Amino acid sequence: MREITECLKEEHRALEESLDALEAAIASGSGLAECVSRAAARAREHYRREAAFLDRLGQYEPELAAKLRAQHEEACEMAEHFEQAREAEQIGDMCALARRFHAIAQHNLIEEERDGFPLAVRCFTNREQRELIDTLAEAGLGTKTPSRRAGDSR
Ligand SMILES: [Fe+2]
């Protein structure tokens with residue numbers, strides 16, 4: 001059976017691509033607004049889909065789940081502040097906020113995969129796994145778009 005953490009890791013790789021593009025934009029100073037906007041949209045969507053997983057994780061490890069949720073909120077806040085700075089044409093703030101957004105979103109991926117996912121693999125029952133995978137599919141992705149190749153009938 002596929003594990004929920006595998007589905008979420010696939011989403012993480014997609015988000016990481018946007019974060020890498022953002023890192024390049026920060027370094028070069030060009031295309032920053034587009035890259036933040038793309039990465040933030042992807043992050044928001046992923047966080048929305050990951051919410052049920054964090055709720056379940058919170059039943060086993062409430063502090064860790066709360067910390068990861070707070071990181072999601074902080075990343076979204078940074079992206080909002082970035083938009084406000086962009087509208088006000090505050091270039092210095094935009095750069096700082098883009099860096100902050102990148103750092104927190106990247107850190108969150110690392111911490112989830114290092115601490116949250118192994119814990120979920122150990123703790124979640126098969127039924128919990130199935131329910132979360134169903135929830136993810138209902139949320140409009142996860143099990144539908146991943147890298148399932150032709151001939152892979154699992
Ligand atoms: Fe995540």
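At what angle do helix H2 and H5 pack, and how far apart are their axes?

Reply: This is a predicted model, in which local features need pLDDT of at least 70 and side-chain atom pairs count only at pLDDT 80 or more, while totals for chains, interfaces and linings use all residues. Residues are numbered from 1 along each chain as its sequence is written.

Helix H2 (residues 32–60) and H5 pack at an angle of about 160°, and their axes are 8 Å apart. Helices here are DSSP runs (H or I, at least four residues), numbered from the N terminus. Axes are lines fitted to C-alpha atoms, for helices over the stretch in contact, and angles run from 0 to 180 degrees between N-to-C directions. H2 and H5 are therefore roughly antiparallel to each other, a term for angles over 145 degrees.

H5 itself covers residues 126–138, which is 13 residues. From its first C-alpha to its last, H5 reaches 18 Å, close to the 18 Å expected at 1.5 Å a residue; the expected span is 1.5 Å times one less than the number of residues. Gln129, Leu132 and Leu136 of H5 are buried (20 or more other C-beta atoms lie within 10 Å of the residue's own, with C-beta atoms placed from the backbone; 12 or fewer counts as exposed, and in between as partly exposed). These three residues cover an arc of only 70° around the axis, which puts them on the same side of H5; the arc is that of the directions from the helix axis to the C-beta atoms. Asn126, Arg127 and Glu138 are exposed on the other side of H5.

A second pair can be set beside this one. Helix H3 (residues 62–87) and helix H4 (residues 91–123) also pack at an angle of about 160°, with axes 9 Å apart. H3 and H4 are therefore roughly antiparallel to each other, but their crossing is left-handed. The contact of H3 with H4 has 13 nonpolar, 6 polar and 7 charged residues (Ala, Val, Leu, Ile, Met, Phe, Trp, Tyr, Cys and Pro count as nonpolar, Asp, Glu, Lys and Arg as charged, and the others, Gly among them, as polar).

Phe82 is in helix H3 and counts as buried because it has 25 C-beta neighbours inside 10 Å. Glu89 is in the loop between H3 and H4, and counts as exposed because it has 8 such neighbours inside 10 Å.

Note on methods
Helices (H or I, at least four residues) and strands (E, at least two) are DSSP runs, numbered from the N terminus. Angles under 35 degrees count as roughly parallel, over 145 as roughly antiparallel, 65 to 115 as roughly perpendicular and the rest as oblique. A crossing is left-handed if the near helix is turned anticlockwise from the far one by less than a right angle, and right-handed if clockwise.
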